Amino acid sequence: MREHEAARDWIRSDETAKQMLSRVLGDRAFLLLPPLHRVPLRAGNVVEITGSSPTAKTQILIQAAIACILPKTWNGVHYGGLEKLVLFLDLDCRFDVMRLSDMLKHRLLEANRIGNGAWWQLEESSGVKNCRGAQDKSKSKSKIVYDEELYVSCMKRFLYLRCYDSLELLSSLKTLHYRIRLQEACGSQVGVLMIDSIGAFHWTDRLSSSLALDKNNRKSLSLTNVVETIVQEMKKLMRVHSLVVIATKATIYEEKYPTNENNRKLSSNNDKAQQPPFREFMPSSWQAFVTHKIFIRKSGDHHQSSGQQSLSAYSLEWLQPQLSSIDRFIVDDSGVVIVS
Amino acid sequence: MAPLKHLEMENPIIDACFRDFCSSHGILTVEDFLIHDLYELAAFAERQVDADRLKEGITVMLSLVEVKCRPWLNGMELLEDLQRNKQTLSSGDNGTDSLLQGGLREGQVTELVGPSSSGKTQFCMQAAASVAEKQEGSVFYIDTGNSFSARRIAQFICGSSAAAVLRKRVLSRISCHTVYDIYTMFDTLQGLEVALRSQMNVNECRLRLLVVDSISSLITPILGGSGSQGRALMVALGYLLKKLAHEHNIAVLVTNYTVGAGENGKTKPALGETWKSIPHVRLMLSRDNRNNSCTISILKHTSMLSGQTVTRKDNQQCL
């Protein structure tokens, strides 16, 4: 009799497909982080943004961070954020917190002004943009002010650490799991791990590979070993916590391929070779770890209609998964604005 | 690369048999410990006779590593540190100050790029004079090309009304060091770092500005070829400057020259692609000899749009 019970329990399902899907979509939801909104990201994805310097890569990270730290709604105003923690590992050591603070304040003000927070519609309707210009002059008189408490709670969800060399990075990654657990004990979940400039220590690590001690048993601090360990630690973290990794990478070799977009389209039609438009320098362990790739290059100036000075525009291209459309964007006070 | 046995005194669990176990896996120093997979190591420890003690040793090592790590700061703490510790120093020139929304920021590395005799050294000396006089901070001036002139700095210290005593006091805050190669540079900067760490914070005349004129003459001789040594030293120097700037709240000003004829004939800054990621702010100085004016434009800034310029007339001795 007991065996029948046990067998019946084993056959009975744990949950239906619908229940499983709703659970998985809830736990590991799709993230649409503008301006990377062309491809929905899920926990477990590793996005690599490559571009020479300066191409607004850090601005994109800051914009995605703001979309992550904002709450979904607050006091009746809809912000559309994820209300999750952002861990920012600054290997470039050039992060400016004033920029994050200004962009967050802009976003809060805009959401309050619009009332329903669908901020990406702002760029498309120029009528609203003009209205915003007029509002700016009377900002001091306007009654719409951002919520200070909300601002503070959002800033507190942004966690920052800088590392000056690979050893500091390795020790931070090894101890990261415990720190995330401490944070999660306070109730907040981690959404995104951002790394600014993964190739920052490339040259110094390469130098240590050439100085490696060749004792037979010992693993040297060479470039491949360091990157392998970094990838290993991140994989371990991603198994336990559901997070998206977004890393920027500054190219360290001069671009020898034609920089003009038209030239590139012609040449790619001719040879059909899937050559990346930059010289890859990260070891293969990192390249295999990355699931999505984006390339940003400068694409001429953008002349604004209202007669202000022309801003430099950049083009964002998805290399993996390969999309045929290329977004052009500019960077202004409120952040990254897609123009075409 | 301290060997593990140095840790035994304070942590008795890291005894000889723990160290033997570690060295059988090729771990002799703390750095080796960081490269290895700890779960794998714990699994190997499971098979040993004194498994619990070995695993406890691994946990102690990990906690030692954690103690050395920097704490994670949240956005509000970063803002607080910025507002309390990192002030903006006037560069001595009103036009540049208005362009940079205040001037040189402590905690940032500002690079000034320009062709020869465009006024980079004058800018550096003016900034040094301004910081020493107005902000009453001391200046560490590293000169690589024998272009430092105390007399010129004295001219920048304003006015005929400046008493000799005041001038002497201001000049005594500027210390000039001549450095001709990159190894002496590392030596000097590391000595400075040690001095700053051991100094007490409550000092009216703390170091506020570090000037390197010019950094490219130190780096260009070692860059070259496809080897990584030159670029590794350049990156290491850049990170040392960034660390000094951030940890000790100093504004760092470096100068660089331009190399000519890219594809479209425009001049571009020297030191190549890798150097572009080092400075926080990059300014381009160009001189127009016909109008006797010089223009400063922003090539890159952490929180401002690039491309903005300001032009000023020449021959300004004093503000």
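Modeller: Helices (H or I, at least four residues) and strands (E, at least two) are DSSP runs, numbered from the N terminus. Residues are numbered from 1 along each chain as its sequence is written, while chains are lettered from A and ligands numbered from 1 in the order written. This is a predicted model, where local features need pLDDT of at least 70, side-chain atom pairs count only at pLDDT 80 or more, and totals for chains, interfaces and linings use all residues; side-chain values use heavy atoms, leaving out hydrogens and water.

Biologist: How many helices and strands does chain A have?

Modeller: Chain A has 11 helices and 11 strands.

Biologist: How do I read strand pairing?

Modeller: Two strands pair if DSSP finds at least two bridges between them. Take strand E8 (residues 292–302) of chain A. E1(A) pairs with E8(A) in the parallel sense, over five bridges. There, A:Ile49 has A:Ile294 as its bridge partner. E8(A) and E9(A) run antiparallel and are joined by eight bridges. A:Lys298 stands opposite A:Tyr314 in E9(A).

Biologist: In which sense do E10 and E11 of chain A pair?

Modeller: Antiparallel, over four bridges, between residues 327–332 and residues 335–338. E10(A) and E11(A) form a hairpin, with two residues between them. One bridge pairs A:Ile330 with A:Val337 in E11(A).

Biologist: Now burial. How is that read?

Modeller: Buried means under 20% relative accessible area, exposed over 50%, and partly exposed in between (1.4 Å probe, protein chains only). Of the 340 residues in chain A, 51% are buried. In E8(A), eight of the 11 residues are buried, so the strand is largely enclosed by the rest of the structure.

Biologist: What is a nonpolar core?

Modeller: In soluble globular proteins, nonpolar side chains tend to be buried together. A core here is a set of buried Ala, Val, Leu, Ile, Met, Phe, Trp, Tyr and Cys residues, joined through side-chain atoms within 4.5 Å. The largest core has 94 residues. Among those with the most contacts inside this core are A:Leu89, A:Met234 and B:Leu210. Helix H12 (residues 229–247) of chain B gives the largest share of this core, 10 residues. Apart from this core lies another, of 52 residues, including A:Val47, A:Ala65 and A:Ile294.

Biologist: Which residues does A:Met234 touch?

Modeller: Contact means heavy atoms within 4.5 Å. Leaving out residues up to four places away in sequence, A:Met234 touches A:Leu173, A:Leu193, A:Ile195, A:Val245, A:Trp286 and A:Phe289. Among contacts in chain A with a separation of 6 or more, 71% are between residues 24 or more positions apart.

Biologist: Is A:Val331 buried or exposed?

Modeller: Buried, with a relative accessible area of 12%. A:Val331 lies in strand E10 of chain A. Not counting residues up to four places away in sequence, A:Val331 touches residues including A:Ala56, A:Arg99, A:Tyr314 and B:Leu305. A:Leu243 is 88 residues from A:Val331 along the chain, and their C-alpha atoms are separated by 27 Å.

Biologist: And the surface?

Modeller: Accessible areas come from the Shrake-Rupley method with a 1.4 Å probe; for residues, only the protein chains shown count as cover. Chain A exposes about 16,700 Å², and carbon and sulfur atoms supply 51% of it.

Biologist: Which residues make the nonpolar surface patch of about 290 Å²?

Modeller: A:Leu21, A:Leu25 and A:Phe30 make it. Patch residues have over 30% relative accessible area and no salt bridge; like charges are joined within 9 Å, nonpolar side chains (Val, Leu, Ile, Met, Phe, Trp, Tyr) within 5 Å. A salt bridge is a side-chain nitrogen of Lys or Arg within 4 Å of a carboxyl oxygen of Asp or Glu. A:Leu25 lies in helix H2 (residues 17–27) of chain A. Its relative accessibility is 39%, so A:Leu25 counts as partly exposed.

Biologist: Where is B:Leu271?

Modeller: B:Leu271 is in the loop between strand E9 (268–269) and helix H13 (272–275) of chain B. Its phi is positive, about 80°, although B:Leu271 is not a glycine. At 8% relative accessibility, B:Leu271 counts as buried. A:Glu83 also has a positive phi, near 55°, but is partly exposed at 41% relative accessible area.
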